[in-house]
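Reader: Hi! Could you walk me through this one?
Author: Happy to. Here it is.

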Amino acid sequence: MSSSSSSSPHPPPSPHRRSSSTTMSNARSSTPEHLNVLCGCGLRAPLRIALTEPNVGRRFLGCVNYKGDNPCKFFDWVDPPTCDRGKEFGNSIVKKNMDLLKDVEDLHKQIIDLKKTETELKAEIRDLKQRENGFGLEIEQWQKREEWFEVKINCMTKKLKEMEDGFTLKMEEWKINEDWNALEMEDLQTKNEELMLKIEDLEAKNEEFMLKIEDMEAKTVIFRGRNKLMKEKLQSANSKVKWLTAIVVILVGIGIVYFGGKGLLKKKMLALP
């Protein structure tokens, strides 16, 4: 995790620090003299916060050119050494921040999986629409149900978008709030606890959403079964129609033969003298 102003380098060894009297005077001073301190490069040394043990939360000045082939070795503590209680508290805050970022990353992965499931459901709905033609009143009822499914999916999509926007805003706010110092650590702990409660609430909502998805999948399976049954009934009706058509054709042929022969006999009788 990076500090508020920039990523915090590991403090160099003590031989490169300024005198202890200068350090303690800066720690006690209430004026921002440390904001205008120049390093060996002639640049203004930025104020940073250590995030490594045993100096978590302790402010120090360090050159921006602390890396590279010829790093600047300027370093000076601004705050006095942290007490044992402060070290313990700072380490717990850092650990909670890392765990929170991991939880947010896991939730983003879950959102991606939900989007994939949503795409598959929409594809299945499009396939069902292509099969609806020619099935009468029952198909109209299923169309209404599909519209209801689409409304539910749109609502879930909207909720997912709101969740994504919420996570994005929270992450941006979290990065901005990383510019905290030792005096704001208690307030940061309270905010972390509130954020954990919100994430637990989101996890509960996510479980409820997954249950709804499973219910929709079950209903889709039922619809497919009914669709197959209707096809079988339609094939049976077509077979009966073919048999009836054949019978009608045979009866028509018999009638033509019968009535045609009777008319020929009558003509021969009239022709007799």
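Author: One term before we start: buried means under 20% relative accessible area, exposed over 50%, and partly exposed in between (1.4 Å probe, protein chains only). This is a predicted model, where local features need pLDDT of at least 70 and side-chain atom pairs count only at pLDDT 80 or more, while totals for chains, interfaces and linings use all residues. Residues are numbered from 1 along each chain as its sequence is written, and side-chain values use heavy atoms, with hydrogens and water left out.

Reader: Thanks! Is Cys41 buried, partly exposed or exposed?
Author: Cys41 is partly exposed, at 42% relative accessible area.

Reader: Okay, new topic. How many salt bridges are there?
Author: Nine. The term covers a side-chain nitrogen of Lys or Arg within 4 Å of a carboxyl oxygen of Asp or Glu. One of them joins Asp79 to Arg59, with the closest N and O atoms 3.0 Å apart. Asp79 sits in the loop between strand E3 (75–77) and H2, and Arg59 in strand E2 (residues 59–62), so this pair ties together parts 20 residues apart in sequence. Helices (H or I, at least four residues) and strands (E, at least two) are DSSP runs, numbered from the N terminus.

Reader: Is Asp79 buried or exposed?
Author: Buried, with a relative accessible area of 13%, whereas Arg59 is partly exposed at 23%.

Reader: Which residue does Glu164 pair with?
Author: Lys115, in a salt bridge of 2.7 Å, N to O. Glu164 belongs to helix H3 and Lys115 to helix H2, so that contact links parts 49 residues apart in sequence. Glu164 is buried at 17% relative accessibility, while Lys115 is partly exposed at 38%.

Reader: Nice. What about Asp215 and Lys219?
Author: Their side chains meet in a salt bridge too, at 3.5 Å, N to O. Both residues lie in helix H4, four residues apart, about one turn of the helix. Asp215 is partly exposed at 39%, and Lys219 is partly exposed at 33%.
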